[in-house]
Amino acid sequence: MIAKKEEKEIRTRYAPSPTGPFHIGGARTALFNYLFSKKNNGKFILRIEDTDKERSKREFETQLMGNLKWMGMNWDEGPEMSGPHDPYRQSERNGIYKKYLEKLIEEGHAYHCFCSKEDVESQKQYLMSIGEAPIYNGKCRDLDKETVEKYLKEGKRSVIRFKAPFGEKIVFDDLIRGKIEVDSSTIGDFVIAKDFDNYLYNFTCVVDDIDMQINYVIRGEDHIPNTPKQILLIKAMGFDVPRYAHLSLILGADRKKMSKRDGKTSIDEYIEAGYLPEALINFIAFLGWNPGTEKEIYTMEELIHDFSLEKIQKSGAIFNIDKLDWVNGLYIRKMPIKELTERCLPYLKKAGLISEEISSPFIEKAISLYQERLKKLSEIVELVDIFFKEDLGYEKDLLKWKTMEDKDVVASLEKSYELVLGAEEYTKQNLEKIFLAEAEKMENRGNLLWPLRVSLTGKKSSAGPIELMEALGKEETLKRIKKAIQKYA
RNA sequence: GGUCCCAUCGUCUAGUGGUUAGGACGUUAGAUUCUCAAUCUAAUAACACCGGUUCGACUCCGGUUGGGAUCACCA
């Protein structure tokens, strides 16, 4: 009997650098890491890669964490000293990097390079011009110990390079793409640290993945070229390489990596436009993944349950905003009216329609009339504004239905006025009964209903007149009809 | 330019050697309707190309073409 191998806990991480607003592509990478770890009862770790002091900004980090929480992705660990909900930050881990770097140098896997930036750059340009791999020429690779000591003592500026082997095949089995093979000769000795306080990406990334015991690295395919370097580093340090899964990129309409000109790219912009986190998550998950069934509306829980790396697509997916809008509308229609109202309040406040973010039966009613027409929460403003305006400001000709003459319009509105005035029981059911009965008498129902609806809204399109009358109340309804009649006086 | 990755309707995709190539968004038409939505019904539309393997290729292999990513003392 072979004893069942003890399963190691699955640990994934999302490792963004806070150099800009949190991007849709990053959100998907985070999501897939999150789903995979949760599916396997593992851990999802957030690690802020802020080694670039120039470009990293704390505000982006804060925004990123807020966005992650908004979407319902909470990370599991952080350095204990700064609280369980803080992420790991590379800027706070220099001590760890130093230890690993010293060991690497000690064991001869890394060395000080005293070449000037300019020399290296011109060398690179030259190699590229003759069509060869632009790698470092290894000038300082075998400097003897005494020389290095001497230069260091003289204070000569140096960087630390990793000694990459020559002519070695580096192979890894990508969980999404299968076998990927690279010749180490095309890599060259790359810089891993500027000095003992400033470490570079490939190095910190590897050290952290080792230190945090990450065993599944799920990231964008733009990292495929980094992977062989990282594998070399890991092996030199004597650790196991994690499993890799490289996600295809999210593309713009031009099939290039999605960028600003493709419209909204940051999560904040989607929040502002009024997309729901549930809808965004659902949509993003299906960009490059599907369950293999025809089900496509998924809650986060269901995604976790059905997720698997095998079902991830290899080719890049274009971000199709039309589909997102459809999904978002779907979620809005399904939402309980109380909740929808709460979520719309900030938009109404911002537009100056209401002074405080407080719900009322009136606001709730107004919003409910437009629930099924809403694709994004922000659209609520231009839909329900008529409920809050004194002056609707429309052209009187808008009141005419098809071939109506001025006098027909006036007659129609006067009829409506009379009916409303006479309505004892001011309910939707009763108004419907009264008005539909009257409308039936006409050759075309529009003769009664169109002028009425426009008098209440001042708009070409809107919710139906009966429900509008109910929502507005008898008094306001009469006022608006009268105003419309006056336009013809 | 070097290296690597990718290729089914306009878009997201199902498909794992034999299917009328399925679904969704979009679009178009119809039903409903005072309008706009929502809803229902229908239609539209795809295996990049060329070779091989095979009785049989969308499916496997090779090549071509096309697209993308990446080549920092950024991440």
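1. Residues are numbered from 1 along each chain as its sequence is written, while chains are lettered from A and ligands numbered from 1 in the order in which they are written. Since the model is predicted, local features need pLDDT of at least 70 and side-chain atom pairs count only at pLDDT 80 or more, whereas totals for chains, interfaces and linings use all residues.

2. RNA strand B is surrounded by 62 residues, of which Glu49, Gly131, Ser315, Ser461 and Gly464 are the closest; a residue is near a molecule or strand if its C-beta atom, placed from the backbone, lies within 6 Å of it. Two or more residues of this surface come from each of the elements α4 (117–129), β7 (178–183), β8 (191–195), β13 (317–318), α11 (321–334) and α17 (446–457). Helices (H or I, at least four residues) and strands (E, at least two) are DSSP runs, numbered from the N terminus. By class, the surface near RNA strand B holds 23 nonpolar, 17 polar and 22 charged residues, where Ala, Val, Leu, Ile, Met, Phe, Trp, Tyr, Cys and Pro count as nonpolar, Asp, Glu, Lys and Arg as charged, and the others, Gly among them, as polar.

3. Strand β7 also pairs with strand β6 (residues 169–174), to which it is joined by six bridges in an antiparallel arrangement; two strands pair if DSSP finds at least two bridges between them. The two strands form a hairpin with three residues between them, and within it Asp173 stands opposite Lys179 of β7.

4. Strand β8 belongs to an open sheet of four strands, in the order β4-β5-β8-β9 and with antiparallel pairing. Because β4 (110–113) and β9 (198–199) stand at the edges, each with a single partner strand, one side of each is left without a neighbour in the sheet. The partner of β4 is strand β5 (residues 159–162), with four bridges in the antiparallel sense, and one bridge joins Cys113 to Val159.

5. Helix α17 packs with helix α15 (residues 406–422) at an angle of about 80 degrees, their axes being 9 Å apart; axes are lines fitted to C-alpha atoms, for helices over the stretch in contact, and angles run from 0 to 180 degrees between N-to-C directions. The two helices are therefore roughly perpendicular, a term that covers 65 to 115 degrees. From α15, Val409, Ser412, Leu413, Lys415 and Ser416 meet Asn447, Leu448, Pro451, Leu452 and Ser455 of α17, and this contact has five nonpolar, four polar and one charged residues.

6. Ser462 lies in the loop between α17 and α18 (465–472). Apart from neighbours within four places in sequence, Ser462 is in contact (C-beta atoms, placed from the backbone, within 7 Å) with Arg453, Thr457 and Leu468. Ser462 and Leu383 are 79 residues apart in sequence, yet their C-alpha atoms are 7.5 Å apart in space. Ser462 is partly exposed, because 19 other C-beta atoms lie within 10 Å; a residue is buried with 20 or more such neighbours, exposed with 12 or fewer, and partly exposed in between, with C-beta atoms placed from the backbone.

7. Gln213, in the loop between α6 (201–211) and β10 (216–220), has a positive phi of about 55 degrees although it is not a glycine. Arg255, in the loop between β12 (250–251) and α8 (267–273), has a positive phi of about 70 degrees and is likewise not a glycine. Gln213 is partly exposed, with 15 other C-beta atoms within 10 Å, whereas Arg255 is exposed, with 9.

Key
Two residues are in contact if their C-beta atoms, placed from the backbone, lie within 7 Å. Angles under 35 degrees count as roughly parallel, over 145 as roughly antiparallel, 65 to 115 as roughly perpendicular and the rest as oblique.
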